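This briefing is intended for a reader meeting the structure for the first time. Please keep the sequence and the model at hand while reading.

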Amino acid sequence: MPVSTFSAAANITPVVVKTFYTHSKRKGKKLREHVKEDEARDDIFFDEAFNIVKAFILMGTKNTVESLQAFTNTHVPASPWAAVCPVRIPFYSCNRAADILIDWFGPEDLKLIVGGEKWWQVRGLDGIDGEWIAEKGQLSDEKFNINSTQKLTDSQKEIKRMEQLETVMLYVHGGGYFWGSISNLNNYLYQRYLNLLFPPADTHRYQILRYARKAKGRAFAVNYRKAPQYPWPCPLQDVLAAYLYLIDPPPNAVHQAVPASKIVFAGDSAGGGLALTVLTILRDVGMPLPAGAVLISPWVDLTHSFPSIMKNTETDIIPPHGFLSKPSVLWPVDVIKDGGRVTKAQSNPPPKPGHADTMWPEQGRVKKMMKRSQGHTKVPKDVGKEKSPQPQDTMMSFEHGKDDMENNMGGVDGASANTDKRGTYKVESSLPHGEGLIDGRGPDSRPSLPDPDDIDFWQPKPPKVLMKDPHSVPLELRSQIQQYATTEQLSHPLVSPILQGSLGNLCPLYIITGDGEVLRDEIIYLAHRAAHPDEYPVREGILRDGWRQKENAKKFTKPTKVHLQVLQAKYAYRSIAEFVKHVTQNSDEHLAQNPFPELHRPASHISSDSHSDKQNKTSHQPKHKHKEKVVDKSVPLHHTTSKSSPSQKEKTDVQLYKENEDELEKQIQNHKAEQVPCLAHGDMPSVRVVRDQEHDIPNVLMIRERVDIRGHVRAMEPKDQIPALALKPAEVGIIKEDPLFKWLQGQEEWDKRYRKTAEKVIKKRLEYTAKALLMISHAREQGLILEGEGRTGSSPTRPKTERVSSSATGSSSRTTHGKIQEDRRWGPLDLADERPPPSAIAARLDTPEALALIKKSIYHTAPATHKTVPKMKTSDAIRAAFDPNDDPYRPPDQSVSEQQVRTSVMHIHGLRVWESLVSYFMRKSSMKAGNGVRAAGSLVAGAGNKIGVTSSD
């Protein structure tokens, strides 16, 4: 059953019932055992919302990618209090963004890593969809400046009114790089566990609106192209184009140019990763950076090399085996993989740049290694030749019997890969180092490996897998595991920005993660890498393979100022808004001293302006002012025992923010906030902390905090007590065994479950390919001529074709003859000399979306490389007239990964159902002192009595 309103509703009911039962049972047990620790899911409404979202995403894995994309990229009308103005970012900005990326990559990397410079510029729409968003209540009716000759629509007038609000949040939505949009349920049904902490959970649009309202500004959201139809670097180009659209608008844009100092990037999950990546590009090419960036659960390591990927599976809403999907003509590319999706690695010579590395170096490379090694100069004769699979230690080391290896190359303890007689991989526990026998030898005769940080002994690149047992034969992935990029590209710094040569010299960052997220560890590591470029360097293999990253590591050494929060609370809406206001309303000189609003003096007046704040104002106020006791830092946050009184649970976000300001001041007094080191002598500068209410507290480099479920902050534990920071640089950005088998187990189950579907998909792809070839053949017969081609003898008279700018044409206009758009650089027929990723529809013929893209580029909006726009053949026009998904006159709808779906049923869409339900539960969760929580308490108490609980708690 595809993802639809009906299937969504069918999944909601059993989840709600089951969650209520299990919650009551669990809460009853805690009462019976007198457990006092607070958990976010102790609240029935929070628990319901968590499980509803988790069930939705799990349902998505049992459907095709296109089905999930269509459902989550459906246009939803704006709320009446929201001013929402859709715009189209034109090719003017898209092409400028492309030029920046072309310059960043350089010709060699474009060819060998990206696959060319044309395919990722191909798009179906005449630009990128975006939205200006603001709250109507913040827009005054004062006159705005317009050209007397301009005739503005109501929407354009609204955009001009929004210019009263100087601050702009450029929001990049999340969704695993492959689903979601700017206007739907994406608030995220995907914004993971973290967003469940921020009630109310509505659409991304509502979420963005709430940020903008609290920050007293406006927002601009971009609906970038998504994978797998438009894989990396397509989304990257679109987000960069959105920023250029703001700071340097095209001539026909309604809005005035927005200074970079008034813009803040914000993004969640995949959107956070894209925002960070664009920041590094802007820094590298010397363009102005925005005032700051808010990264909410940013996904920055697509190799999944951090421990929380395995440890936090139960506490995150992400499915246990990742984002799997039912086979379709689109995805996976290899619906049936003969020989298995994982196989033993072959010891071939190292490939050219941009291709997968191997575990067996070439002779020239070995000679360089041997010169640096002591007492070993002989090079094996068979190096560089085709070889049978070898153990990892043999492939990576030429020195047997040296010192024992001190670690197991960063693998996660507990499992090792082996094969049965059929070649199927399975997980078995491995022997501890130094114990047992290997091939009849004792422990001391076991081959050893050099230090994994040693540049002479390179680190395996995807698709090779780092083995926990260095004596086992390494594995190699034969299937693409992430939709965003090919497996070989996952360790590229613009795909996984955790692998940037440097994260220094960026604008101030406010980074947030949930303590129960699978991405928690990489986010913590990211924050510390940005604030301490010298202390957390990138692994040497990245520097060796990329000239720009090597240059960046030396060039960008200035620490980035970072506020990191690992939280379990609904605290972030207020703190995000205050961060946005602070960095956009103060000068660069001021921010160089203090980019943190919590340290601003005199403290800013904060009004409680949200709907939830107004509701909280009507609730009972605390009789006595009482500050939360600081929790012992040695106690993990999730084990914190809360002794808060009921009145403390009712505090507004403004009250919490003010209290946390005081707590942060105490942290600085106690030297628990990291300060900027003195450039002259390496000493810590003196920091003015106390009782000066007229000047900011300066020279703070990094704020590291945990936030409990009540919204109270405390300083994070020391860095040496954080597991994520214990990883060596060589262990980051490498595919490891445990995450591999976690994915493989689920993928093999899906392969077995949908085997018949996969066989049908293969046949369907052949049918679409035949249709595409016939369409192109008919277009040629009708006079289609491309750049560099002449007329053929059989071609009819060349049709006259109008050449226009994309801004002069409407993609939805009814026409029998298309136009050539001079600023549309490339089309799907221009890619003969390129190697796009296999999922990219720009170079495919075997999906309906690829056919729609080809048809639009031939008959409706042709690129500048087309000399003619032929008329459609009569037989094709008749066939299109009888096809409910086609039209002989209108351009075909483009991919659901790019173009929003417009429903024919007004205001009745599954997104509304999900939005209402999740909003209901999260609103209830935010009103703990209200009637909802008291009712939940009564129900839980009743359930507890039924199972024999007598405690009055």
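Which residues of α22 are buried? They are Ala-758, Val-761, Arg-765, Tyr-768, Ala-772, Met-775, Ile-776, His-778 and Ala-779. The model under discussion is a predicted one.

**Helix α22 and its partners**

- Helix α22 covers residues 755-781, 27 residues in total. From its first C-alpha to its last it reaches 40 Å, close to the 39 Å expected at 1.5 Å a residue.
- An α-helix has 3.6 residues a turn, so residues three or four places apart point the same way. The buried set of α22 includes Ala-758, Val-761, Arg-765 and Tyr-768.
- The axes of α22 and α23 come within 10 Å of each other and cross at roughly 5 degrees. Because angles under 35 degrees count as roughly parallel, α22 and α23 are described as roughly parallel to each other.
- On the α22 side, this contact is made by Tyr-768, Lys-771, Ala-772, Met-775, Ile-776, His-778 and Ala-779. On the α23 side, the contributing residues are Pro-848, Leu-851, Ile-854, Lys-855, Ile-858 and Tyr-859.
- Gly-783 follows α22 and has a positive phi, near 110 degrees.

**A buried leucine in a loop**

- Leu-494 is located in the loop that runs between β10 (475-477) and β11 (509-514).
- The relative accessibility of Leu-494 is 1%, so this residue counts as buried.
- Leaving aside residues up to four places away in sequence, Leu-494 touches Trp-104, Phe-105, Trp-232, Leu-236, Thr-277, Thr-280, Ile-281, Tyr-484 and Gln-500.
- Leu-494 and Gly-273 are 221 residues apart along the chain, and their C-alpha atoms are separated by 9.3 Å.

**The annotated serine**

- An unreviewed UniProt entry places the feature "active site" at Ser-269.
- Ser-269 occupies the loop between β5 (263-268) and α9 (270-285).
- With a relative accessible area of 0%, Ser-269 is buried.

**Cis peptide bonds**

- Trp-331 and Pro-332 are joined by a cis peptide bond with an omega of about -5 degrees. Pro-332 lies in the loop between α10 (308-311) and β7 (342-344).
- Pro-462 and Pro-463 are likewise joined by a cis peptide bond, with an omega of about 15 degrees. The loop that holds Pro-463 is the one between β9 (425-428) and β10.

- Lys-216 is not a glycine, yet its phi is positive, at about 55 degrees. This lysine, Lys-216, lies in the loop between α7 (204-214) and β4 (218-223). Lys-216 counts as partly exposed, with a relative accessibility of 41%.
- Asn-699, a residue other than glycine, has a positive phi near 65 degrees. Asn-699 is placed in the loop between β13 (674-675) and β14 (700-707).
- Is Asn-699 buried or exposed? Its relative accessible area is 19%, and the cut-off for buried is under 20%, so Asn-699 is buried.

Definitions and conventions
Residues are numbered from 1 along each chain as its sequence is written. This is a predicted model: local features need pLDDT of at least 70, side-chain atom pairs count only at pLDDT 80 or more; totals for chains, interfaces and linings use all residues. Side-chain values use heavy atoms; hydrogens and water are left out. Helices (H or I, at least four residues) and strands (E, at least two) are DSSP runs, numbered from the N terminus. Buried means under 20% relative accessible area, exposed over 50%, partly exposed in between (1.4 Å probe, protein chains only). Contact means heavy atoms within 4.5 Å. The expected span of a helix is 1.5 Å times one less than its number of residues. Axes are lines fitted to C-alpha atoms, for helices over the stretch in contact, and angles run from 0 to 180 degrees between N-to-C directions. Angles under 35 degrees count as roughly parallel, over 145 as roughly antiparallel, 65 to 115 as roughly perpendicular and the rest as oblique. UniProt positions are given in the numbering used here, feature names are shortened, and annotations may be inferred rather than shown by experiment.
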